[in-house]
Amino acid sequence: MIVRIATEGQYELTEGDAEVLNELDNHAVAACEAGDEEQFKQAFKELIEFVRKTGQPVAEDRLDASDVIIPPPDVSFTEAQAEFSGEGLIPG
Amino acid sequence: MPGLSGRMSVVIKSKISKLLDRAEDPAETLEYSYQKQIELLQNVKKGIADVVTSKKRLQLQEQKLRDQVVKLDTQARQALAAGNEDLARTALERKNVAQTELQSLDTQVAQLEQQQEQLTASEQKLRAKIEQFRSRKEVIKAQYSAAEAQVKISEAASGVGEEMADVGLAMQRALDKTENMKARADAVQELEAAGTFEDLTQLGAGEDDIDRQLRQLSSSSEVDSELAKMKAELGAGSSPSAGELGAGSGESAEQGQAS
């Protein structure tokens with residue numbers, strides 16, 4: 001599975017790792033929904049670090065689209081909440 | 001994936017498919033995509049140049065503030081040596097403010113540096129993908145029927161399209177941050193314009209509004225301890241010829257000399 005960390009690049013993850021990623025993503029979303037900024041930051045940091053550590057960077061000249069895209073590492077809590085409520089980081 | 005990562009993917013994919021829908025003929029789609037890619041690459045270059053310009057401006061301001069810190073420090077010493085402790089304190093308060101500004105400028109310059117690096121890396125990635133797209137475009141045009149081409153184009157274009165969307169996002173974030181810094185840099189310039197860091201020997205005896213505001217801005221304990229340190233230094237330096245500079249409690253010494 002190809003995962004992109006927005007503003008950073010693409011990584012290839014195994015299916016097993018993708019499941020772990022899904023777990024971590026759920027944690028981040030739960031914290032976001034609960035309005036818990038500290039917990040969100042912690043969960044999101046874990047998520048990003050997991051992808052960087054377990055993923056293989058995708059070659060620059062590959063033209064494959066990502067299966068999932070993770071918000072940028074410096075995403076703010078407010079932005080993450082907006083993303084989750086559907087407005088998104090990328091304006092129309 | 002319904003979470004954060006899933007949502008962002010959906011938004012980007014819908015943007016890419018909108019881009020692809022604009023042209024109907026496969027060859028036209030290819031050329032249109034390619035043209036958009038080249039345009040974006042130019043924009044990224046411009047974005048990097050903007051970041052560099054902002055960085056240079058902040059560095060210039062840093063240099064100015066550094067000069068002011070040295071100048072205010074000298075003025076504080078001179079004022080203290082002349083027995084004018086109030087003026088020395090004012091100079092130190094202003095130095096304190098200038099130093100705080102300097103620290104925040106340092107952080108900002110470092111941030112811009114990082115942004116410049118990130119955008120440069122993004123530009124390189126995008127360039128590699130565009131180059132790949134260009135060669136694939138020629139193959140698709142030469143070898144595939146219209147129906148097959150459509151599929152191949154979608155594959156290739158969504159890969160580049162995603163990279164484009166990502167570089168666009170990186171640029172937007174860099175620009176937003178640069179805008180914030182500009183606002184802050186302008187505020188420092190206003191302080192300068194208000195004479196905050198100007199030559200204090202030109203200042204009259206009275207305390208004006210700026211002084212009161214500065215007193216609030218600067219940490220008084222820091223100013224106090226610096227003032228004490230300066231006094232000690234001056235005291236130690238002038239002890240052989242005691243009285244001349246009125247070290248410490250200068251008033252009586254000065255009066256003694258004047259009469």
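A: **Salt bridges, one pair at a time**

Let's start with K95(B) and E226(B), whose side chains meet in a salt bridge, with N and O 2.2 Å apart. Find K95(B) in helix α3 of chain B, then look for E226(B) in helix α6, which covers residues 220-238 of that chain. The two are 131 residues apart, so this pair links distant parts of the chain. Both K95(B) and E226(B) are buried. Keep in mind that you are looking at a predicted model.

What is the basic idea behind such pairs? Side chains of opposite charge can pair when their charged atoms come close. Some of these pairs also share partners: R4(A), K129(B), E162(B), E163(B) and D166(B) are joined into one network this way. Over all chains, a search of the whole structure turns up 26 salt bridges.

Now stay in chain B and move to E113(B), which forms a salt bridge with K55(B); here the closest N and O atoms are 3.3 Å apart. E113(B) belongs to helix α3 (residues 85-143) and K55(B) to helix α2 (residues 26-81), so the pair ties together parts of chain B that lie 58 residues apart in sequence. Are these two partners buried or exposed? The cut-off to know is that a residue counts as buried under 20% relative accessible area, as exposed over 50%, and as partly exposed in between. E113(B) comes in at 31%, so it is partly exposed. K55(B) has 10%, and therefore counts as buried.

While you're on helix α2 of chain B, have a look at E62(B), which lies in that helix too. With a relative accessible area of 5%, E62(B) is buried. What does E62(B) touch, once you leave aside its neighbours within four places in sequence? Its contacts are L102(B), L105(B), D106(B) and V109(B).

Let's zoom out to see what kind of chain these pairs sit in. Chain B has seven helices and zero strands, so along the sequence you read the pattern α-α-α-α-α-α-α. Of its 259 residues, 40% are buried. If you take the contacts in chain B between residues at least 6 apart in sequence, 84% of them join residues at least 24 apart.

How far can you trust the picture? Chain B averages a pLDDT of 78, and 76% of its residues score at least 70. Over residues 239-259 of chain B, though, the pLDDT is below 50, and that stretch has 10 contacts in the model beyond near neighbours in sequence. For the model, the scores are ipTM 0.83 and pTM 0.69.

Next, chain A. R52(A) forms a salt bridge with E8(A), and their closest N and O atoms are 2.7 Å apart. This pair links distant parts of the chain as well: R52(A) is in helix α2 (residues 37-54) of chain A, while E8(A) is in the loop between β1 (2-5) and β2 (9-12), 44 residues away. R52(A) has 40% relative accessibility, so it counts as partly exposed.

That loop between β1 and β2 of chain A also holds T7(A). The phi of T7(A) is near 65°, a positive value in a residue other than glycine. Why point that out? Most residues other than glycine have a negative phi. At 7% relative accessibility, T7(A) counts as buried.

Finally, look at where the chains meet. The side chains of R4(A) and E162(B) form a salt bridge there, 2.5 Å from N to O, and the count between chain A and chain B is six salt bridges. On chain A's side of the contact, the elements giving two or more residues are β1, β2, α1 (15-33), α2, β4 (68-70) and α3 (77-84). Of these, α1(A) gives the most, with six residues. Sorted by type, the residues on that side are 22 nonpolar, nine polar and 11 charged. The contact as a whole takes 42 residues from chain A and 33 from chain B. About 3,200 Å² is buried between the chains, with carbon and sulfur atoms giving 55% of that. Polar contacts show up too: 15 residue pairs across the interface, with both residues at pLDDT 80 or more.

How values were computed
Residues numbered from 1 in each chain as written. Chains lettered and ligands numbered in written order. Heavy atoms only, no water. pLDDT = per-residue confidence, 0-100. Contact = heavy atoms within 4.5 Å. Salt bridge = Lys/Arg side-chain N within 4 Å of Asp/Glu carboxyl O. Helix = DSSP H or I, 4+ residues; strand = E, 2+ residues; numbered from the N terminus. Buried < 20%, exposed > 50% of the residue type's maximum accessible area, 1.4 Å probe, protein only. Buried area = accessible area lost by both parts, 1.4 Å probe. Polar contact = N/O pair within 3.5 Å; in protein donor to acceptor, adjacent residues only side chain to side chain. Nonpolar A, V, L, I, M, F, W, Y, C, P; charged D, E, K, R; others polar.
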